Protein chains: 2
Amino acid sequence: MLESIARPTATLVNGSSPLHNFLLAALPAADLARLEPNLELVPMKLGAVLYESGERMQHAYFPTTSIISLHYVMEDGASAEIAGVGNEGILGISLFMGGNTTPSRALVQTAGEAYRLKSQILVDEFNRCGPLLRLLLRYTQALITQMAQTGACNRHHSTVQQLCRWLLLTLDRMPTADLVMTQELIASMLGVRRESVTEAAGKLKQMGVISYRRGHIQVLDRAGLNTHVCECYEVVKAEFGRLLHDVQRP
Amino acid sequence: MLESIARPTATLVNGSSPLHNFLLAALPAADLARLEPNLELVPMKLGAVLYESGERMQHAYFPTTSIISLHYVMEDGASAEIAGVGNEGILGISLFMGGNTTPSRALVQTAGEAYRLKSQILVDEFNRCGPLLRLLLRYTQALITQMAQTGACNRHHSTVQQLCRWLLLTLDRMPTADLVMTQELIASMLGVRRESVTEAAGKLKQMGVISYRRGHIQVLDRAGLNTHVCECYEVVKAEFGRLLHDVQRP
DNA sequence: AGCGTTAAGTACGTTGCCGCACGGATGGAT
DNA sequence: ATCCATCCGTGCGGCAACGTACTTAACGCT
């Protein structure tokens, strides 16, 4: 296991280092050094379920190139994304907030890599009440904003607006403008029918904002997304910027 | 200011003690003792705005008999409740989570009383990294669940179901089954039209579950609400119970 | 090269909620 | 006792999204 510790290798497109996760990168060197021997680089396969509602988590995840989606799944099977986690964040809030579980599902929305850390090690470090605690609480605060905003957006905004919001938030966490993503998957995130996504995506395509083919979406005109998105995107982005201004790409 | 410290008085219907707030009641005596000289009992007037989006909070509030509603207000004036805070909780999460502000509005949904505490005193106590920190983080985790669930509920459930959820959650925080509440206000909480509330309430009235008159709603048949509510109510309630099981009515 | 699976397009009736515009009723205030 | 602001009831057209059903197109596999 110790051998699997991440070292940037030539075979990886972006290289890989814990520093590619903004939270880890924002830690003082001494704190990061304590964690580093325990950080394990793992591949994140599209659609993989990292956490199921009510389970006890074995690991926390710090995405680097992958994106994780937090879903709430209803009794009747309907679902809705409540937040996304990319290289700006961590999966496993409930480990340090208390309670250990949450009533939600976490799955890989965009394939890539993440560093994982045994739950206990994260908790122990958190309990030192040092920089990691401060950092994780601020991140959690930003996550709360994202969840609240998503909820309000669900109530008031159109599918097209929400699709724009979702695309922009995803784009911000991606190195490229090419998303490997089916409309079906987007529908489950937004909590709408697949056909509704087809319709909304069709409009954006017609306006030349995006193009797509089977299983791929390409954003052609990011500014165009901005003109059609609701305020929610900007609010979330601004709040992350404000709370984690010192947590930037290394 | 010191003179205004809460002492239960005969003039108060329920009497009033910090112990009527579950979080305060759950603190070890030594920790509560440090806070108590700084707790100030204040009346909470219906509709009063305790916090406006982006403001810096001067106080944290621990409701006893009052209920506070956290709203998100959109640019176009549309609004939606993202969470409620009663005697099980605290208003002022962002003070200790970091960042000090949130993009939301807090207003009094049900008149009553609350203990308030100067921000700095709460933060100082939180920074001792003792029982208060543990307690507040667990509470925040429960609040996160409530927000996520509300968001998903906004997406998938009918106005009647949501009204039932809202009534039950409010009822849980009230000593009586009589709510002083206009349909207009409920509409702004649920983020729907006033007429939609009229319609939903009319159905419940016809079924004999509630009755109401101008500005008052009375729940006649709580079990009836339970049969019409969506799963969301139970999930939130269970999560609060699980996370704050040791935080009970004194 | 052809096949089978899965993604995406189309169509149509239905519905739940919206926006608007009223009229009627209530209950506190003068 | 009367006034009148506020709250509640109702009606109607409109529409975005839904549920359902089916077709067409793309990709990957043998």
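Figure 1. Helices (H or I, at least four residues) and strands (E, at least two) are DSSP runs, numbered from the N terminus. Strand S1 (residues 40-44) of chain B runs antiparallel to S7(B) and is joined to S7(B) by five bridges, and in this pairing Glu40(B) stands opposite Arg116(B). Strand S3 (residues 59-63) of chain B also pairs with S7(B) in the antiparallel sense over five bridges (two strands pair if DSSP finds at least two bridges between them), and here Ala60(B) stands opposite Leu117(B). Residues are numbered from 1 along each chain as its sequence is written, while chains are lettered from A and ligands numbered from 1 in the order in which they are written. Because this is a predicted model, local features need pLDDT of at least 70 and side-chain atom pairs count only at pLDDT 80 or more, whereas totals for chains, interfaces and linings use all residues.

**Figure 2. The side of chain B that touches chain A.** In this interface, 36 residues of chain B are in contact with 36 residues of chain A (two residues are in contact if their C-beta atoms, placed from the backbone, lie within 7 Å). Strand S5 (79-85), helix H3 (93-97), helix H5 (131-156) and helix H10 (231-243) of chain B each give two or more residues to this side, and the largest share, 16 residues, comes from H5(B). By residue class, this side divides into 15 nonpolar, 14 polar and seven charged residues, where Ala, Val, Leu, Ile, Met, Phe, Trp, Tyr, Cys and Pro count as nonpolar, Asp, Glu, Lys and Arg as charged, and the others, Gly among them, as polar.

**Figure 3. The rotation axis that relates the two chains.** Chain B is superposed on chain A by a rotation of 180 degrees with 0.0 Å of shift along its axis, at an RMSD of 0.0 Å (by least squares on the C-alpha atoms of residues with pLDDT of at least 70 in both). The two copies are thus related as by a two-fold rotation axis. Of the residues of chain B, Gly151(B) comes closest to this axis, with its C-alpha at 1.8 Å. The copies meet through the same surface, because 100% of the interface residues of chain B are also interface residues in chain A.

**Figure 4. The surface near DNA strand D.** DNA strand D is surrounded by 17 residues, of which the closest are Ser158(A), Thr159(A), Ser196(A), Thr182(B) and Gln183(B) (a residue is near a strand if its C-beta atom, placed from the backbone, lies within 6 Å of it). Helix H8 (194-206) of chain A, together with helix H7 (183-190) and helix H8 (194-206) of chain B, are the elements that give two or more residues to this surface, and H8(B) gives the most, with four residues. The residues of this surface divide into two nonpolar, eight polar and seven charged.

**Figure 5. The surface near DNA strand C.** Around DNA strand C there are 18 residues, the closest being Thr182(A), Gln183(A), Ser158(B), Val192(B) and Ser196(B). H8(A) gives the most to this surface, with four residues, and the residues of the surface divide into three nonpolar, eight polar and seven charged.
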